[in-house]
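Here is a short briefing on one protein model. It moves from the overall fold to single residues.

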Amino acid sequence: MPVVPFTEELSREYRETFTNAAIRPERLAEVRRTAKRICADAAMARYDAVTGVTGVPAHVIGLVHCLECALDFRRHLHNGDPLGARTVRVPAGRPRDGEPPFSWEQSAVDALRLKKLDRWTDWSVPGIAYVLERYNGFGYRLYHPGTPSPYLWSFTTAYVSGKYASDGNWSDALASRQCGGMALLRALYEDGRIPADA
């Protein structure tokens, strides 16, 4: 899938959408509970360990962990496959180095390096939105531009419906039941769990 470049125009789009998108009231308690789990001491200690190796902020690792693994430390950060073997789904065969079973930290470092998050330096709201969308793929933006990616915007007022039921299988009627990364980021900011983006 083509990679969409991170332009000033795209940065403005992310910023404007984030500014205007509120967490849906009926989802607010769930989003806040999930954000609290991301910031739990035990979880943050593990994210901080990976931050020390990759430079990726702990809260961003937590967002990816929620989106890919539902915060389960028994699963690969690449795609949620179990840590007892190399990944099977895309990207398959990860990590390439070492032998299973893998530690969550070992796999997380591999996933973040594979996605080049260890080389990224813009951790503003638009920068986080971009790396999350890139992590999941630009299929929504490229092939369904009228539907904001639920990976980012689900549980906010920016997203209503439209979803891939599986790879390549699109439905206008389906709505994501997973909390989007930007809804979680908003809750982290609003609840004072991380400093607000300047």
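Helices here are DSSP runs of H or I with at least four residues, numbered from the N terminus. By that rule C69 lies in helix α4. The model is predicted. It has 9 helices and 2 strands.

**Overall fold**

- Along the sequence the elements run α-α-α-α-α-α-α-α-β-β-α.
- A compact globule of 198 residues would have a radius of gyration near 16 Å, and the protein agrees because its own value is 16 Å.
- The C-alpha trace spans about 45 × 40 × 30 Å along its principal axes.
- Among contacts with a separation of 6 or more, 55% join residues 24 or more positions apart.

**Surface and charge**

- Of the 198 residues, 48% count as buried.
- The accessible surface comes to about 9,700 Å². Carbon and sulfur atoms hold 51% of that area.
- The protein carries 25 positive and 23 negative charges.

**H65 in helix α4**

- H65 sits in helix α4, which covers residues 58-69.
- Is H65 buried or exposed? Its relative accessibility is 0%, so H65 counts as buried.
- Beyond its neighbours within four places in sequence, H65 is in contact with Y47, A70, L71, D72, F73, L77 and W104.

**Cysteines**

- How many disulfides does the protein have? The count comes to 0.
- For C66, the closest cysteine sulfur is in C179.
- C66 is buried, since its relative accessible area is 9%.
- For C69, the closest cysteine sulfur is in C66, at 9.3 Å, so this pair is also too far for a bond.
- C69 counts as buried because its relative accessibility is 4%.
- Leaving out residues up to four places away in sequence, C69 touches V64, R75, H76, L77 and G80.
- C69 and P82 are 13 residues apart in sequence. Their C-alpha atoms are 9.4 Å apart in space.

**Cis peptide bonds**

- Most peptide bonds are trans.
- The bond from R94 to P95 is cis, with omega near -15°. P95 lies in the loop between α4 and α5, and helix α5 covers residues 104-114.
- The bond joining P100 and P101 is cis as well, with omega about 0°. P101 lies in the loop between α4 and α5.

- Most residues other than glycine have a negative phi.
- L71 is not a glycine, yet its phi is positive, at about 65°. L71 is in the loop between α4 and α5.
- L71 is buried, because its relative accessible area of 10% is under 20%. L71 is also one of the residues in contact with H65.
- K116 is not a glycine either, and its phi is positive at about 65°. K116 is found in the loop between α5 and α6, and helix α6 covers residues 125-136.
- Is K116 buried, partly exposed or exposed? Its relative accessible area is 44%, so K116 is partly exposed.

Terms used:
Residues are numbered from 1 along each chain as its sequence is written. This is a predicted model: local features need pLDDT of at least 70, side-chain atom pairs count only at pLDDT 80 or more; totals for chains, interfaces and linings use all residues. Side-chain values use heavy atoms; hydrogens and water are left out. The radius of gyration is taken over C-alpha atoms; the globule rule is 2.2 Å times the number of residues to the power 0.38. Buried means under 20% relative accessible area, exposed over 50%, partly exposed in between (1.4 Å probe, protein chains only). Contact means heavy atoms within 4.5 Å. Accessible areas come from the Shrake-Rupley method with a 1.4 Å probe; for residues, only the protein chains shown count as cover. Lys and Arg count as positive and Asp and Glu as negative; His and the chain ends are not counted. The place of a charge is taken as NZ of Lys, CZ of Arg, CG of Asp or CD of Glu. A disulfide is a pair of cysteine sulfur atoms within 2.5 Å.
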